[in-house]
Amino acid sequence: MCFKMLIHPILFFIIFVSGCSRFNQWVCKPDINQGNYLSLNEVNKIHKGMTQNEVISTLGSPMLTDPFGTKTWFYIFRQQIGHEKVKQQTLTLKFNQSGQLIEIKNHIA
């Protein structure tokens with residue numbers, strides 16, 4: 001009789017403690033893509049000396065621009081597939097005062 005009274009609290013405790021740790025892996029988690037998707041082919045088309053309009057026609061509008069007048073553009077793409085770690089690609093483009101591309105940094109983390 002005492003065992004029957006304890007079975008419900010014991011089951012509740014086991015489900016409560018292990019609910020978030022193991023069952024989370026079985027739950028379907030959608031892929032999340034955010035930002036400017038940049039293929040390697042598109043990034044390879046960019047080179048120093050291009051104008052801002054040529055870059056926009058190749059890559060599209062940047063995600064962020066520097067508001068302080070340094071003419072720096074940021075193309076950021078974040079991707080999380082299922083339960084994997086987040087992958088981020090940041091393409092930083094700097095232009096001179098005449099609007100020509102002078103620096104390209106492509107960081108993949």
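Me: Is Val55 buried or exposed?
Reply: This is a predicted model, in which local features need pLDDT of at least 70 and side-chain atom pairs count only at pLDDT 80 or more, while totals for chains, interfaces and linings use all residues. Residues are numbered from 1 along each chain as its sequence is written, and side-chain values use heavy atoms, with hydrogens and water left out. Buried means under 20% relative accessible area, exposed means over 50%, and partly exposed lies in between (1.4 Å probe, protein chains only). Val55 has a relative accessible area of 0%, so Val55 is buried.

Me: In which helix does Val55 lie?
Reply: Helices (H or I, at least four residues) and strands (E, at least two) are DSSP runs, numbered from the N terminus. The protein has three helices and five strands. Along the sequence they follow the pattern α-β-α-α-β-β-β-β. Val55 lies in helix α3.

Me: Which residues does Val55 touch, not counting residues up to four places away in sequence?
Reply: Contact means heavy atoms within 4.5 Å. By that rule, and with residues up to four places away in sequence not counted, Val55 touches Ile46, Met50, Gly60, Trp73, Tyr75, Leu93, Phe95 and Leu101.

Me: Where do nonpolar side chains tend to be in soluble globular proteins?
Reply: The largest nonpolar core of this model includes Leu38, Val43 and Phe95. As a general rule for soluble globular proteins, nonpolar side chains tend to be buried together.

Me: How many bridges pair strand β4 with strand β5?
Reply: Two strands pair if DSSP finds at least two bridges between them. Leu91 stands opposite Asn106 in β5, and Leu93 stands opposite Ile104 in β5. Strand β4 (residues 87–95) and strand β5 (residues 101–108) pair in the antiparallel sense, and the number of bridges is seven.

Me: Which residue in the turn between β3 and β4 has a positive phi?
Reply: Strands β3 and β4 pair in the antiparallel sense over eight bridges, with Gln79 standing opposite Lys87 in β4. The two strands form a hairpin with six residues between them. The turn residue with a positive phi, of about 55 degrees, is Gly82.

Me: What is the phi of Gly99, in the turn between β4 and β5?
Reply: Strands β4 and β5 form a hairpin, with five residues between them. Gly99 is in the turn, and its positive phi is about 90 degrees.

Me: What is the N to O distance in the salt bridge of Glu103 and Lys105?
Reply: A salt bridge is a side-chain nitrogen of Lys or Arg within 4 Å of a carboxyl oxygen of Asp or Glu, and a search of the whole structure finds one. Glu103 is partly exposed because its relative accessibility is 27%, and Lys105 is partly exposed because its relative accessible area is 47%. The side chains of Glu103 and Lys105 meet with an N to O distance of 3.3 Å.

Me: Which residues make the nonpolar surface patch of about 400 Å²?
Reply: Patches are made of residues with over 30% relative accessible area and no salt bridge; like charges are joined within 9 Å, and nonpolar side chains (Val, Leu, Ile, Met, Phe, Trp, Tyr) within 5 Å. Leu6 is found in helix α1 (residues 2–18) and is partly exposed because its relative accessible area is 44%. Accessible areas come from the Shrake-Rupley method with a 1.4 Å probe; for residues, only the protein chains shown count as cover. The nonpolar patch of about 400 Å² is made by Leu6, Ile10, Phe13 and Ile14.

Me: What is the C-alpha to C-alpha distance of Pro62 and Thr72?
Reply: Pro62 has its place in the loop between α3 (52–59) and β2 (64–65). Pro62 counts as buried because its relative accessibility is 19%. Pro62 and Thr72 are ten residues apart in sequence, and from C-alpha to C-alpha they are apart by 9.7 Å.

Conventions
Core = buried A, V, L, I, M, F, W, Y, C linked by side-chain atoms within 4.5 Å.
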